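Have the viewer open as you read.

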Amino acid sequence: MPRPRKSLEQLRLSGALKKNPGRYAQRTELADDRPIGEPYEWLPSSAQDAWGEMVPTLPWLRFCHRSIVGITALLLGKMRNGDLGVAGMTLLNQCLGKLGATPASFPKVGWSPQSSAEDLADEYFR
C-alpha cells in the first residue's frame, strides 16, 4: 500500500515545497473555511445534543465535515441511550478517529490554535 500524500501545508512547513516546487506544481487542495454550523434537523434530539457537545471540543471541524459529524453524533446519541452494541461502538471509535477526536489521531490533524502561537512570538520577539 502506498504512503499517503502529505498536504501542501505539511510540505511547506518541512521545506520540501520550496526545495522542489516543480514536483508539486499540479497539486491543489480545497480549503473550506465555512463553519460547521448547527446540527441537522433530522437528527434525533440525543444526537443533536451530542453534536452540540462534540463540535466545540473539535474546533478544526468545518462545513465539509458535517456528514461524518452527523454519523458520529447519531452513534454517540445511541450509545448514551444504551442502544448501541459492540459493533456500533467499534464504528463510533472509527468515526472519532477520522475526526481526530482520539489521542492517537489528534497529532494527524495538524491543528494548532493561532492565538497561542502569536502569544509565544510576542513573548520572545518584543
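## Ground rules

A crossing is called left-handed if the near helix is turned anticlockwise from the far one by less than a right angle, and right-handed if clockwise. Helices (H or I, at least four residues) and strands (E, at least two) are DSSP runs, numbered from the N terminus.

This is a predicted model, where local features need pLDDT of at least 70, side-chain atom pairs count only at pLDDT 80 or more, and totals for chains, interfaces and linings use all residues. Residues are numbered from 1 along each chain as its sequence is written, and side-chain values use heavy atoms, with hydrogens and water left out.

## The chain overall

You get 7 helices and 0 strands here. Of the 126 residues, 25% count as buried (under 20% relative accessible area, 1.4 Å probe, protein chains only).

## H3 against H4

H3 (residues 45-57) and H4 (residues 66-81) have axes that come within 7 Å and cross at roughly 115° (lines fitted to C-alpha atoms over the stretch in contact, angles from 0 to 180 degrees between N-to-C directions). H3 passes H4 in a right-handed crossing.

On the H3 side, the residues that meet H4 include Trp51 and Met54 (contact means heavy atoms within 4.5 Å).

## H4 against H5

Moving on, the axes of H4 and H5 (residues 86-98) come within 9 Å and cross at roughly 140°. That crossing is left-handed. Among the residues making the contact are Ile68 and Leu75 of H4, plus Met89 and Leu92 of H5.

Notes. Buried means under 20% relative accessible area, exposed over 50%, partly exposed in between (1.4 Å probe, protein chains only).
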